[in-house]
Amino acid sequence: MLTQSSANAIVNSQAVIGVGPATDQFGLITGHANLVATEFFYGRDEEIYGEDEPADYVYQVVRGAVRSYKLLSDGRRQIGAFHLPGDVFGLVSGSVHRLTAEAIVDTTVRLVKRRGLEQAAATDVHVARNLWTMTASDLRHAEDHMLLLGRKTALERVATFLLEMDHRLAVTGTMALPMSRRDIADYLGLTLETVSRALSQLHSEGVLDFSGARQIILRNRRKLNNIDM
């Protein structure tokens, strides 16, 4: 949230035009539409915006990781998505955010004014097409997440999560997860104990190894895919 407290967390805030690499959709949009983007720094667990706050900006993760979640009436937390470097978040259809967004680790985000994006999309088919592509991607992820929560077993959910992170982090060897097991549990709709048991089972079956508290080495992706099916 862009309040006085978060303003104090800005590190080398700067206005730039067309930020991001040439293959970055968000960078292409801001550059094409001559929109001004600003970088903000948020410390671990710091709120970026809260539920029901005005949705005045659209965000992109530059470094670090972000979780979007909703607190249920009984105090439980349901994480809807993890946003990793390059991901765009905060695109909503209404005037306020339906979820809260927090930095998982020390994180830098790039943001632009939503009004500027909307005005550019109204007059530029290139901007409108790219925004539609990003929105469609968010919808596809929401549909996949709904299927995961509604139809898959605990082991299948964990397998799906590991394959998702393996694909999105695009690394070979050790997969360093920015999120904790508690975060994973709240994303998968499971308890912390259930996630730990599933990971231990996959380890005992030779599917993965641990190289640290949040570092995982996938040894058998084929078997993991078979579990996920």
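User: Why are H5 and H7 called roughly perpendicular to each other?

Analyst: This is a predicted model, in which local features need pLDDT of at least 70, side-chain atom pairs count only at pLDDT 80 or more, and totals for chains, interfaces and linings use all residues. Residues are numbered from 1 along each chain as its sequence is written, and side-chain values use heavy atoms, with hydrogens and water left out. Now the angle. H5 and H7 pack at about 75 degrees, with their axes 9 Å apart. Axes are lines fitted to C-alpha atoms, for helices over the stretch in contact, and angles run from 0 to 180 degrees between N-to-C directions. Angles under 35 degrees count as roughly parallel, over 145 as roughly antiparallel, 65 to 115 as roughly perpendicular and the rest as oblique. The H5 and H7 pair is therefore roughly perpendicular.

User: Which residues meet in H5 and H7?

Analyst: Contact means heavy atoms within 4.5 Å. H5 brings Ala154, Leu155, Val158 and Leu162. H7 brings Thr194, Ala198, Leu199, Gln201 and Leu202. By class, that contact has 7 nonpolar residues, 2 polar and no charged.

User: What makes H4 and H5 roughly antiparallel?

Analyst: Helix H4 (residues 125-151) and helix H5 (residues 154-169) pack at an angle of about 155 degrees, with axes 9 Å apart. H4 and H5 therefore count as roughly antiparallel. From H4, the contact uses His141, Leu148, Leu149 and Arg151. From H5, it uses Glu156, Arg157, Thr160 and Glu164. The contact of H4 with H5 has 2 nonpolar, 2 polar and 4 charged residues.

User: How many helices and strands are there in the chain?

Analyst: The chain has 8 helices and 12 strands. Helices (H or I, at least four residues) and strands (E, at least two) are DSSP runs, numbered from the N terminus.

User: Why is methionine 179 called buried?

Analyst: Buried means under 20% relative accessible area, exposed over 50%, and partly exposed in between, with a 1.4 Å probe and protein chains only. Methionine 179 has 1% relative accessibility, so it counts as buried. It lies in the loop between strand S10 (174-176) and H6. Leaving out residues up to four places away in sequence, methionine 179 touches Phe82, Ile104, Phe161, Met165, Ile184 and Arg214. Its C-alpha atom is 9.0 Å from that of valine 66, 113 residues apart along the chain.

User: Is aspartate 186 buried or exposed?

Analyst: At 13% relative accessibility, aspartate 186 counts as buried. Its place is in helix H6. Setting aside neighbours within four places in sequence, aspartate 186 contacts Arg77, Gln78 and Ile79. Across the chain, buried residues make up 41% of the 229 residues.

User: Which residues have the most contacts inside the largest nonpolar core?

Analyst: Phe161 and Leu162 do, in a core of 31 residues. A nonpolar core is a set of buried Ala, Val, Leu, Ile, Met, Phe, Trp, Tyr and Cys residues joined through side-chain atoms within 4.5 Å. H5 gives the most to this core, with 6 residues. Beyond four places in sequence, phenylalanine 161 touches Phe82, Leu177, Met179, Ile184, Tyr187 and Leu188.

User: Why is strand S9 described as largely enclosed?

Analyst: In S9 (residues 107-113), 6 of the 7 residues are buried, so the rest of the structure largely encloses it. Two strands pair if DSSP finds at least two bridges between them. Strand S2 (residues 36-42) pairs with S9 in the antiparallel sense over 5 bridges. There, phenylalanine 40 stands opposite valine 109. Strand S4 (residues 57-63) also pairs with S9 in the antiparallel sense, over 6 bridges. Arginine 63 stands opposite threonine 108.

Notes
Nonpolar A, V, L, I, M, F, W, Y, C, P; charged D, E, K, R; others polar.
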